[in-house]
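Open the model in your viewer and keep the selection panel handy. We will go stop by stop, with a note on what to select at each one.

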Amino acid sequence: MIMKKLYLNLIILILSLAGGFLNAQQVSDKQINDLVTVLKANNKSEEDIKTILNGIIKNPELYNALWQNFIKQSYISENNKFKFLNDLNIAFKTFQSKDSATTSLGFTYDFNFDYAKFIEKENHRVSHTFGLSAKGNVAFNKDANPNNFLETKVNYSYTHFSGGVIRQNDEEVFTRLNEIEDKLVAMKDMKSPEALKLWDEFGNNLKLSDQFYYGLSPKFAFESNQDFSKTQFTPGLMIDLGAKGWDNSSLLSKLNILDYPFALLRLITGADKTFTVYGSTVPTLQIGCDYVIPNKDLVRESLTGNKDPFPRFRIETGFRTFISRIKKENIFFNANYRFYQEIDAPASVKAAGLSSVNYFVMALQTTSGFYASYAAGRLPFDAKNDQVYSLGFNYKF
Amino acid sequence: MSDLTYYNPLASAELRKLDAKMIADQLDNVFRVGRGAKYEDKMTRTKAINSMVKVLTDDTKMVKDLAKAVDDAYRFWGE
């Protein structure tokens, strides 16, 4: 199986290097015929050829490459009609849930467009943002979609930033920092005693402090499953909280307990010479309260006998940190957690296990593209809890 | 950008944008308060930060793309 996958991906790579894999129109009959000719010349049976072609068609990397090229073309054309594509993230992938043999090609989308105005005050900074966002997973065979939840929303956000740099430097310091920078740029070994001395002086002249922000976002959202058999409107208020400890010796950095196991791994593997907890990886948090107005939801209607609105509490948080460096490969740990809790849910909803849902996903990822991930739980419209494991390799075309 | 520590591919685009805004706000702080940079002519804080956020949230962009956005927005001390 691994060999087959490798074989298919090599074909894709060869086609891309030949310049024939750059857009949908270019995956033409001629290229498929050429591929079939090559396979026949290598004594592949009709059945093998059919399997290989089916594999290419079902391989999400094919569609990811086509999509990336489409985005690239929109940049090159400088056509303003396609500028919004910069805010649209689409990744094609194969869906398979733990208790089903069914697999399906599909895609995950995440669009986030906003207009933001950043204003500087005497002791802090603020921003006003108007945004539109949409995210979800769509499987071409909906039965194979373990994360069947789509959300589209408009929102306004007021954000307050504070901290970051300890003091306003003077002209003498600006000049000295430039001189240090010039010397460092000319050095080959950034870990030589001379370079380390300059880095120390640079750090002493540019003291960073903890940075904090909070945001308040009234929003109006529409939630559904992928075939829109369940839909609901969810006006609400979100609170965004963030903090970065730019000085790793600060109290905030030391309070970043999620990074402690990874700090230990960095120490053991020699990535860091001392036990250093990164303050810049403090998780970002979104907390919110929604007023859910069910529109189409037969399950809820059968449980409660009505479609009355209800309040809901929700949380989303994300965490990413550096684990180690092996040769030229950087290894990262990534995680994301979402939690939804209906407030004062009816007994029938609680008994059906629908009053509270959560979803957790984590992944190890390297800079060259290898990843191993695990996801568990469910989102509001998913029929059941599920666990999804995946192991793979993302090519950077 | 996806190889940098702040860029969590599992987070929603919304969460990633929040992180990118914090990074851009901090870069603006460091450049102007710590390093004496000024905005280029006709450049504002809103334009400078938005241009950095645009690069920081695009996983296909490189550090050199961020450097270009910064160079277009700021006139550095001694430049």
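Start by selecting helix α2 (residues 45-56) of chain B together with helix α3 (residues 63-73) of chain B: their axes come within 9 Å and cross at roughly 175°. Axes here are lines fitted to C-alpha atoms, for helices over the stretch in contact, and angles run from 0 to 180 degrees between N-to-C directions. α2(B) and α3(B) are therefore roughly antiparallel, the word used for angles over 145 degrees. Helices (H or I, at least four residues) and strands (E, at least two) are DSSP runs, numbered from the N terminus.

Now show the side chains of the contact. α2(B) contributes Lys47(B), Ala48(B), Ser51(B), Met52(B), Val55(B) and Leu56(B), while α3(B) brings Asp65(B), Leu66(B), Ala69(B), Val70(B), Asp72(B) and Ala73(B). Two residues are in contact if their C-beta atoms, placed from the backbone, lie within 7 Å. Colour them by class and you will find 8 nonpolar, 1 polar and 3 charged; Ala, Val, Leu, Ile, Met, Phe, Trp, Tyr, Cys and Pro count as nonpolar, Asp, Glu, Lys and Arg as charged, and the others, Gly among them, as polar.

A word on what you are viewing: this is a predicted model, in which local features need pLDDT of at least 70 and side-chain atom pairs count only at pLDDT 80 or more, while totals for chains, interfaces and linings use all residues. Residues are numbered from 1 along each chain as its sequence is written, and chains are lettered from A and ligands numbered from 1 in the order in which they are written.

Zoom out to chain B as a whole. Chain B has 3 helices and 2 strands, arranged along the sequence as α-β-α-α-β. Its C-alpha trace spans about 40 × 20 × 20 Å along the principal axes.

Next, select the side of chain B that faces its partner: 30 residues of chain B are in contact with 46 residues of chain A. α1 (13-34) and α2 of chain B are the elements that give two or more residues to this side, and α1(B) gives the most, with 13. By class, this side of chain B has 11 nonpolar, 10 polar and 9 charged residues.

Finish in chain A with helix α8 (residues 260-268), where Phe262(A), Ala263(A) and Arg266(A) are buried (20 or more other C-beta atoms within 10 Å of their own). The buried residues of α8(A) pack against β8 (310-326) and β9 (329-342) of chain A.

Terms used
Parallel < 35°, antiparallel > 145°, perpendicular 65-115°, else oblique. Buried ≥ 20, exposed ≤ 12 C-beta atoms within 10 Å, placed from the backbone.
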